[in-house]
Amino acid sequence: MNQFSATDERWMRRALRLAVRGLRTSAPNPAVGCVLVKDDRVIAEGFHVRAGEAHAEAAALAAAGGAARGASAYVTLEPCSHHGRTPPCAEALIEAGVRRVVVATRDPNPRVNGVGLERLREAGIRVEEGLYFKQSQLLNRGFFRHFETGRPWLTLKIAASLDGKSALADGRSQWLTGSLSRAAVQRGRARSGAVLTGIGTVLADNPSLNVRLPGTIRQPLRGVLDSTLRTPPDARLFQVEGGAVQLFCTEAPKERRRALEAAGATVHVVEVGEQGGVSIDAVLCKLAGLEVNEVYAECGATLAGALLVAGAVDELDLFLGPHLLGPTASPLVALDAVTDIPAPPAWHTVAAQRVGRDSRIRLQPGGG
């Protein structure tokens, strides 16, 4: 079993902080950081910015030049061992003369898993793994979920009043939460490969579903569950800059499909789900095939309930605004009547914080 020093922990924490810098830009690749250390000082560091560009190790080695010989490399994910969009990082570390590599966790990609580490060991490099592995896997939760299950990680975002209502009876929900909560939602979109909603939200709110943060260089796909292709060809989705629009339906009338494809949509015809409407499993499989690792769902009560019933939600991102909307307002989610309270509870809180005037609670399935 590896025994890591306080110094090792220090440098791996630094590598993790670097990895976070690529969280909104590196998809579909994982966010990875690398720190090169010699004589107890950093000689170079790097992180993976975006697919097709230098991986974290390559960026750090390029910055270090000849000084990398004899250095230790702290990397948050196993160095790749195959030619993809870029050359293999394991070979780059060997050629640079690095003497030790500390890796947080192995790469779940079967083409890499353990192979990169073995290649380093064969070259005589001292390799140690497992330092802050949980933190690294959490950082790239969608990447790991994709390879482990064949589907992306799905976060369901819901904004509600203190009495669990998502909108007034007439559908209005503006100002339910404050500007800081809305900024947090933008960051949730930015780290995701796709933003998902339902046709009800498109028809009621005409959303753009894009990322509007300064310096945004990558827009997530925008997916709509729309069984019979009721999305208007002049919807805001097609009028504003953003990721490609993906429509998921169970039937595609020719004229509607032609008009929507002319507007810029890609139409996917999938099977009907168990609850009727579009199969959620089919949608998630389609998105996985489009190299989506994380999905951020923003939708109305009907689709929110369907996602929960389907067991598709990996995390519930709940924003509570300081309002009471009363009994005629729309519910948080649409569910069938519940006759019993389960023990242990169906959800556990993983984080809770104040966001300006609002409260934000993040929950995951299970009793915790």
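Guide: Start with strand β13, residues 315-320. This strand is mostly covered: six of its six residues are buried. Keep in mind that the model is predicted.

On one side sit Glu315, Asp317 and Phe319, all buried.

Now look at the strands paired with β13. Strand β6, residues 153-160, is joined to β13 by six bridges, and the two run parallel. Find Thr155: its bridge partner in β13 is Glu315. Strand β16, residues 358-365, is joined to β13 by five bridges. This pair runs antiparallel. Here Leu318 stands opposite Ile361 of β16.

Next, a helix. In α3, residues 89-96, the buried residues are Cys89, Ala90, Leu93 and Ala96. Seen down the axis of α3, they fall within an arc of 130°, so they line one face of the helix. An α-helix has 3.6 residues a turn, so residues three or four places apart point the same way. What covers the buried residues of α3? The cover includes helices α2 (56-64) and α4 (115-122), along with strands β3 (72-75) and β4 (100-103). Just after α3 comes Gly97, with a positive phi of about 80°.

Now the loops. Most residues other than glycine have a negative phi, and most peptide bonds are trans. Tyr132 has a positive phi of about 60°, although it is not a glycine. Look for Tyr132 in the loop between β5 (126-129) and α5 (133-139). Asn206 is not a glycine either, yet its phi is positive, at about 50°. Asn206 lies in the loop between α8 (199-205) and β9 (221-225). With a relative accessible area of 27%, Asn206 is partly exposed.

Finish in the loop between α1 (6-20) and β1 (33-38), where you find Thr25. Thr25 counts as buried, because its relative accessibility is 14% and the cut-off is under 20%. Its side chain reaches the backbone oxygen of Val49 at 2.4 Å. Leaving aside neighbours within four places in sequence, Thr25 is in contact with Val49, Arg50, Ile217 and Arg218. Pro28 also has its place in the loop between α1 and β1. A cis peptide bond joins Ala27 to Pro28, with omega about 10°.

Note on methods: Residues are numbered from 1 along each chain as its sequence is written. This is a predicted model: local features need pLDDT of at least 70, side-chain atom pairs count only at pLDDT 80 or more; totals for chains, interfaces and linings use all residues. Side-chain values use heavy atoms; hydrogens and water are left out. Buried means under 20% relative accessible area, exposed over 50%, partly exposed in between (1.4 Å probe, protein chains only). Helices (H or I, at least four residues) and strands (E, at least two) are DSSP runs, numbered from the N terminus. The arc is that of the directions from the helix axis to the C-beta atoms. Contact means heavy atoms within 4.5 Å. A polar contact is a pair of N or O atoms within 3.5 Å; within protein, one must be able to donate a hydrogen and the other to accept it, and residues adjacent in sequence count only if both atoms are side-chain atoms. Two strands pair if DSSP finds at least two bridges between them.
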